[in-house]
Amino acid sequence: MAGVIRRLDEVVVNRIAAGEVIQRPANAIKEMIENCLDAKSTSIQVTVKEGGLKLIQIQDNGTGIRKEDLEIVCERFTTSKLQTFADLSAISTYGFRGEALASISHVAHVTITTKTADGKCAYRASYCDGKLKAPAKPCAGNQGTQITVEDLFYNVTTRRKALKSPSEEYSRIVEVVSRYAIHNSGKSFTVKKQGETMADVRTLLNASTVDNIRAVFGNAVSRELIEVGCDDQKLAFNLKGFISNANYSVKKCIFLLFINHRLVESSALKKAIETVYAAYLPKNTHPFLYLSLEIAAHNVDVNVHPTKHEVHFLHEDSIIESVQKHIEGKLLGSNSSRTYFTQTLLPGPSVSSSDVVKPGPSSGSGSSDKLYAHQMVRTDCRAQKLDAFLQPVGRPAPGSKAEVSDTLESEETSGIPTSDQPCDTDMEEMSDKELVAAFEEEPETDTHRDSTPPADPPAKKRPRTSGDVEMKETESESSLTAAAIPRRRVIKLSSVKELRGCITEQTHTGLQEMLQNHSFVGCVNPQWALIQHQTKLYLLNTTKLSQELFYQILIYDFGNFGVLRLSTPAPLYDLAMLALESEESGWTEEDGPREGLAEYIVDFLKKKAEMLEDYFSMEIDQDGNLTGLPLLLDNYIPALEGLPMFVLRLATEVNWDNEKECFESFSRECSQLYSIRKQYILEEPAELQAEELGSSGTSWKWTVEHVVFKAFRTLLVPPKRFTEDGSILQIANLPDLYKVFERC
């Protein structure tokens, strides 16, 4: 028997239609946000309870709804945006069917509070099944509209049970609001749970698109974005947006597509773009895409889906192909050079015993503390190299300035033999211990330096009778002969103690730990060197670090230096003339004749000779000749090509009027002379380096690795400024390198 065809009841028809339009709480919020934007709102606030099933409240500051329209606002097919069917071909608003509020009112309890710009007060009305429950009542309210939706799907139990958990529904709501917030830069969006003070999404009124992407998806995405844009007159479309470059990838594609400002989906366009990215990203990873397509309104059919999340448009294949080519061109250009973000330091938290667990005899294969390959430290900072014991013989070119180092002799003021004399290892170790004991007994001095001081304190300094400096001898030294005891002067000058205190206050403990436990990799050039600490690779400015090292040695070992004696005295007058003739001095004719200035410098430094010799072991004889320099490190001789400028700067840059400033400025100038400086080092050609079989390379490289960097471990207290001035740069770390090579 044939079935009877009946006309469905209007209530049933409306609920079926509502089920098509409002599939879940996120759909309801999408429809209401579009209404807010159509009303020219600049601030939209969304409040949700239990994933939108219990409560949805959305408030805007738009134009509002007239009191006369409140009676029919929730009926089907009532709208202010469309009058004739022809208007649909040029529609520029989000809504046009007038079904959103009607559909919501058929599956929930709806309350609307609204106020127009010219209204004296706001009006509130409640709705059920598209009908007004009672006449609208006047109330207080701000300009705009507030829509409250309660008990969504209260009368559609099957739909309510089929929905995910409240947290899942809330995450969908956040996703919808976030996408509209990114596209509508210049408008403020907020979404939060009821009762919460902090919003889960919040964008500012004056924020840009990139700012909104950063607020929603984080800085990792925003700093890897490429702006795209093209205008095709032939196909009548315009493209704008931001896409991620080849440095960024995620496990799931993030695709925000707006066509004529509508949030829609296009599987064809998504697939075409991902095909382009397949050549740049690792397997099974995807990009971030935000695209806004504006197509001529007469070429777009927006009325093809109840929720309007799909649209059809003319020349679809051609437009997709054009977009694909444009994005491919942008990616190709960005891939020519990649940007790696470095930080001016710094070592991360030190590896604790819980991070690296060595398997013991009882640990089984199922141990929970597994050490992965990208976490392994494959170097040992305590390991030594054979070439540390094989000091290479320097091979300066004939007549080069490097030969001047052969004219130096180390004066035996410390009781420690030079390389030309027999060396007693036991005696050296004993002297070091005695020095440490002397350090520990020194009152209010550098207790934070746990390293052994330089092994060359002068043993034959004359006793001081004044109250600022005294000689000190430990009990253990009383059993030794006077010639074998390296007696150390204890400095009580307040200015020196203040300078030591400044060094202590500026200490960066993370850098200190890194330098103490580093593994030397190699020299890039005289100015830069590479070291490894744990799983990170660092680039160090050898010039700046060595300058700070020698400055600290001058301050901490003040008055206790050995002497590097010049075998041939260097006339100060000649050195000053050489400096004044160089461009670096900045001398002009207005400063007076060079000869007169040079004579003034000689006379001035001769007056300071006694202090310089007593405090800094810098010797100047009565004839104005420089005969000795302080011995700061064993096996280290400064580049004497810098002596002329050093002599000139002693007379012009050192503040001789104030004790503290004098000691500090002199130490700075002296440390600059002793530092490793590229302009005074002759880098030997590759052919010459290849001939030196059995040595570590050129002598300056051996000095940097086995003298200077060895001193960094024990003597240097790195200041905090090294983290900001580019002296130490992290250029790679093992976990990130593993990620890069996973793409290959």
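The model is a predicted one.

Ser617 sits in the loop that joins helix H16 (609-616) to strand S24 (619-620). Most residues other than glycine have a negative phi. Ser617 has a phi near 55 degrees, a positive value in a residue other than glycine. Is Ser617 buried or exposed? The relative accessible area of Ser617 is 1%, so this residue is buried, the cut-off for that word being under 20%.

Ala236 also has a phi near 55 degrees, and this too is a positive value in a residue other than glycine. Ala236 lies in the loop between strand S10 (225-232) and strand S11 (237-244). Its relative accessibility is 30%, and Ala236 therefore counts as partly exposed. A further loop residue is Ala134, placed between strand S5 (131-132) and strand S6 (137-139). Ala134 counts as partly exposed because its relative accessibility is 35%. Along the chain, Ala134 and Glu71 are 63 residues apart, while their C-alpha atoms are separated by 9.3 Å.

Helix H3, residues 100-107, is mostly covered, with 8 of its 8 residues buried. An α-helix has 3.6 residues a turn, so residues three or four places apart point the same way. The buried residues of H3 include Leu101, Ile104 and Val107, and the list also takes in Ser103, Ser105 and His106. Ala100 and Ala102 are buried as well.

The next region is built around helix H2 (25-38) and helix H5 (166-183). How do the axes of H2 and H5 cross? They come within 9 Å and cross at roughly 25 degrees. That angle makes H2 roughly parallel to H5, since angles under 35 degrees are classed that way. The crossing of H2 past H5 is right-handed.

Both helices contribute to the lining of the second largest pocket, each with at least two residues. This pocket has a volume of about 1,000 Å³. Besides H2 and H5, helix H6 (209-217), strand S12 (254-259), strand S13 (262-264) and helix H8 (267-277) each supply at least two residues of the lining. Which element gives the most to this lining? Helix H5 does, with 7 residues. The lining has 31 residues, and those nearest the centre of the pocket are Glu175, Val176, Arg179, Leu263 and Glu265. By type, the lining divides into 13 nonpolar, 9 polar and 9 charged residues.

Val176, one of the residues nearest the pocket centre, belongs to helix H5. At 13% relative accessibility Val176 counts as buried, because the word applies under 20%. In sequence, Val176 and Asn27 are 149 residues apart, whereas their C-alpha atoms are 8.6 Å apart in space.

Helix H14 (residues 572-581) packs with helix H15 (residues 594-607) at an angle of about 135 degrees, their axes 9 Å apart. H14 and H15 are therefore oblique to each other, and their crossing is right-handed. Helix H13 (residues 542-556) and helix H18 also pack at about 135 degrees, with axes 8 Å apart. This makes H13 oblique to H18. H13 passes H18 in a right-handed crossing.

Rolling a probe the size of a water molecule over the atoms shows where empty space is left. How many cavities of 30 Å³ or more are there? The count is 4. The largest cavity holds about 70 Å³ of space. Helix H17 (643-652) and helix H18 (659-674) each supply at least two residues of its lining. The residues that line the largest cavity are Glu584, Gly642, Met645, Phe646, Arg649, Glu669, Gln672, Leu673 and Arg677. They divide into 3 nonpolar, 2 polar and 4 charged residues.

How values were computed: Residues are numbered from 1 along each chain as its sequence is written. This is a predicted model: local features need pLDDT of at least 70, side-chain atom pairs count only at pLDDT 80 or more; totals for chains, interfaces and linings use all residues. Side-chain values use heavy atoms; hydrogens and water are left out. Buried means under 20% relative accessible area, exposed over 50%, partly exposed in between (1.4 Å probe, protein chains only). Helices (H or I, at least four residues) and strands (E, at least two) are DSSP runs, numbered from the N terminus. On a 1 Å grid over the protein atoms alone, a cavity is a set of points where a 1.4 Å probe fits but cannot get out, and a pocket is an open set with protein on both sides within 12 Å along at least five of seven lines; lining residues have an atom within 4 Å of a point. Grid points are joined across faces, edges and corners, and a volume is the space filled by probe spheres set on the points. Ala, Val, Leu, Ile, Met, Phe, Trp, Tyr, Cys and Pro count as nonpolar, Asp, Glu, Lys and Arg as charged, and the others, Gly among them, as polar. Axes are lines fitted to C-alpha atoms, for helices over the stretch in contact, and angles run from 0 to 180 degrees between N-to-C directions. Angles under 35 degrees count as roughly parallel, over 145 as roughly antiparallel, 65 to 115 as roughly perpendicular and the rest as oblique. A crossing is left-handed if the near helix is turned anticlockwise from the far one by less than a right angle, and right-handed if clockwise.
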